[in-house]
Every structure is written in structure tokens, then in C-alpha cells.
Amino acid sequence: MEEEWDEDGPEVVKRFMYVNRKAPYGTVYALEMLEKVLIAAAFEQDVHVVFMDDGVYQLKKEQETKGINMKNFSPTFRALEGYDVEKLYVEKESLEARGLTVDDLVVPVEVLSSQDLKALMDKQEVILTA
Amino acid sequence: MLLHTVNKSPFERNTLESCLRVCEDGAGILLIEDGVYGALDNTVVADLIKKRMGNIKFYVLGPDVDARGLGNQTMIDGIETVDFGGFVDLVEKHSATQSWL
Amino acid sequence: MAYEINGESIEHDEEGYLSDINQWTPELAGLLAKDEGIEMTDEHWEVINFLREYYEEYQIAPAIRVLVKALKKKFGPEKGSNKYLYELFPYGPAKQACKVGGLPKPTGCI
């Protein structure tokens with residue numbers, strides 16, 4: 001990507017939704033998805049990030065990965081605000097099934113019921129799930 | 001007696017369920033990697049382990065628990081946390097290891 | 001591939017970014033800057049230190065747009081501008097400053 005960017009903003013803005021369904025360290029999906037989100041954000045797209053199923057565990061506070069010799073990427077979710085990615089959603093049913101509340105998460109999120117999530121998903125132009 | 005290791009989240013896969021179905025009383029099950037989510041209490045899958053507690057010995061790998069930010073979460077009563085050294089001891093102590101993938 | 005400094009070898013990738021960011025020292029930064037044709041000044045260090053703090057907090061190197069915005073917030077509009085950063089790091093502030101600062105290439109820079 002060119003380092004210089006157009007001060008007027010991007011020419012085409014699409015509604016992108018990234019649906020995170022995987023726990024953070026057992027597979028590489030979560031980290032790769034986060035990189036995709038950052039790239040879309042660099043192109044100033046209208047980014048929506050959803051966490052459902054085990055994806056909600058990506059946001060769990062107090063991750064400490066020294067013992068498994070992997071990079072803890074949970075702090076990067078806090079950088080998303082600076083990338084103007086502020087539309088973060090967590091599915092209520094997934095959170096409750098795991099006995100978690102929003103207080104357990106590293107960033108402020110909007111909690112949506114499956115019903116509300118369905119409606120939001122329907123409005124997207126590009127959807128990527130992992 | 002066998003040691004079983006389970007590395008998949010019970011929310012996403014039926015690995016833990018299958019393991020429990022064929023697991024003899026007296027055997028050990030060690031939860032590792034994403035399998036550690038199964039050790040948490042107050043979840044919709046906690047009963048899987050609770051039903052067999054007392055018959056099977058359950059362990060969870062500490063470094064995987066900490067990595068996932070679960071160090072301060074409530075674990076199901078009776079699950080023992082081990083480190084990598086403890087993992088090796090468990091393998092040694094059992095007749096064979098069945099690594100569920 | 002490695003940088004040689006004080007009899008030590010510091011591994012880097014094919015683009016010159018350090019393999020292990022923990023091996024970075026201010027002295028190494030001087031060497032890396034020289035390779036990039038940059039004479040380090042207080043202004044350069046201000047950006048490098050800011051980037052390293054950002055990395056420490058968020059575990060990524062920021063995209064240029066994000067860096068400019070964050071610098072503007074901290075140091076004001078004069079230093080928080082594309083132009084200012086390009087004067088300091090002519091071959092791309094995010095890429096060059098990250099390299100000198102021992103950080104990985106920012107995500108979104110291909």
C-alpha cells in the first residue's frame with residue numbers, strides 16, 4: 001500500500017463485516033482476522049467487527065501468553081479505536097453461554113441479540129467469517 | 001489406565017464429548033490448548049465434566065489457562081492445574097496417552 | 001542476514017526489519033538510521049520513541065494515518081502531519097521509522 005494517503009478519504013467505502021468465531025491461540029484464525037480488520041481500516045472502510053461463539057474469548061481480559069511462548073494480541077483490540085474501528089459487537093447468547101459479561105472484555109462493545117445481529121449482518125456488503 | 005488429552009474447545013467441537021463417551025473410570029483427562037475452555041464452571045458445557053467428576057481425574061494445563069485470560073475464572077471443582085512438568089509426569093504415570101485431535 | 005554491532009550479530013529479515021524486537025538498542029538505531037541515510041536528531045528520536053511506546057501498548061506498529069493522528073494528539077498539528085514525518089523519514093515514515101525503531105513493518109503496508 002502507498003504510504004501517502006488521499007486527504008479527501010477513500011473513493012469507495014463499503015460496509016465490511018468481520019465475524020470472529022474462533023478462540024485466540026489454538027488456531028491462527030483469530031490473529032489473521034485481526035490483520036484483515038487492520039488492513040480494511042487502513043483503507044478507511046466502514047468496518048464492523050463481530051465476536052460470537054468462541055470468538056468472544058479473543059476479547060477476554062488478563063491474557064498472559066508468556067507460558068506458551070506466543071504473542072498476546074489482545075492489546076491490539078484496544079488500538080482499533082485509533083484506526084476508527086469503533087463498531088465492535090458481541091453476540092449476547094455467546095457471551096451468556098460462556099458465563100461472561102462485558103466487564104470481562106478488554107474493549108467496550110455493543111452487545112447484540114442474535115435477532116439484532118441478523119439484521120445488522122443483512123445490511124453488509126462484504127462479510128468475512130473465521 | 002489411559003491419559004487422554006483434549007485440545008479442542010467443547011463449545012466448537014464434540015471432541016471432549018467423544019472422549020468422555022469412551023473414557024474408562026479411573027482414567028485421566030488433561031485439557032490443553034483450546035480444550036481448557038472445558039474446565040470453566042458456569043458455562044453451558046460445564047456439565048459434561050461435572051457428570052464424570054469423581055470417576056475420572058481431570059487436569060488442565062496452567063500455561064494454556066493463563067494465555068487465554070482464564071487464570072481468575074472459576075474452574076469446575078476438582079480439576080487439578082498442572083504445568084508442563086506435570087504434563088510429563090502424567091504421561092509417565094499412565095499406561096499410554098490418547099491425544100484427541 | 002544480520003547486523004553486526006559491537007561484535008554481536010542481530011538477525012533481520014530480507015527487508016531489514018529485526019527478527020527479534022527485544023534485541024533493539026538505541027545504538028543499533030543509529031546504525032539502522034545510517035543504512036537508511038538518516039542523521040538522527042531529537043525530532044527523529046521523538047517519533048521513534050513514540051512508535052516504540054505505541055508498540056509496547058498495542059503490540060502493533062501503527063499505520064501511517066493512525067501514527068499521524070496520534071502524533072497530532074500528543075505533539076500538536078505541526079508535528080502531527082504527513083509532511084513533517086516525510087521530512088524526517090523521506091522513504092516512508094511508517095516503514096523507515098519502524099525499521100530504525102526495531103519494530104515490525106506496520107500492518108497494511110504491503
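I will go through the interface of chain C and chain A, and then the fold of chain B. Please keep in mind that this is a predicted model.

Let me start with the interface. On the chain C side, 24 residues are in contact with 21 residues of chain A. Together the two chains bury about 2000 Å², and carbon and sulfur atoms give 52% of that area. Within chain C, the residues that lose the most area to chain A are C:Y58, C:R65 and C:T107, which together make up 30% of what that side buries.

C:R65 comes up again among the charged pairs. Its side chain meets that of A:D84 in a salt bridge, at 2.9 Å from N to O.

Which elements of chain C supply the side that touches chain A? Helices α2 (42–58), α3 (64–75), α4 (82–88) and α5 (93–100) each supply at least two residues. The most comes from α3(C), with 5 residues. Sorted by class, that side of chain C has 15 nonpolar, 5 polar and 4 charged residues.

Now to chain B. Chain B has 4 helices and 5 strands, and along the sequence they follow the pattern β-α-β-α-β-α-β-α-β. The radius of gyration of chain B is 12 Å, close to the 13 Å that the globule rule gives for 101 residues, so chain B is as compact as a globular protein of that length. Its C-alpha atoms fill a box of roughly 30 × 30 × 25 Å along the principal axes. Of the 101 residues of chain B, 55% count as buried. As for contacts in chain B with a separation of 6 or more, 74% are between residues 24 or more positions apart.

Methods: Residues are numbered from 1 along each chain as its sequence is written. Chains are lettered from A and ligands numbered from 1 in the order in which they are written. This is a predicted model: local features need pLDDT of at least 70, side-chain atom pairs count only at pLDDT 80 or more; totals for chains, interfaces and linings use all residues. Side-chain values use heavy atoms; hydrogens and water are left out. Contact means heavy atoms within 4.5 Å. Buried area is the accessible area (1.4 Å probe) that two parts lose on being put together, summed over both. A salt bridge is a side-chain nitrogen of Lys or Arg within 4 Å of a carboxyl oxygen of Asp or Glu. Ala, Val, Leu, Ile, Met, Phe, Trp, Tyr, Cys and Pro count as nonpolar, Asp, Glu, Lys and Arg as charged, and the others, Gly among them, as polar. The radius of gyration is taken over C-alpha atoms; the globule rule is 2.2 Å times the number of residues to the power 0.38. Buried means under 20% relative accessible area, exposed over 50%, partly exposed in between (1.4 Å probe, protein chains only).
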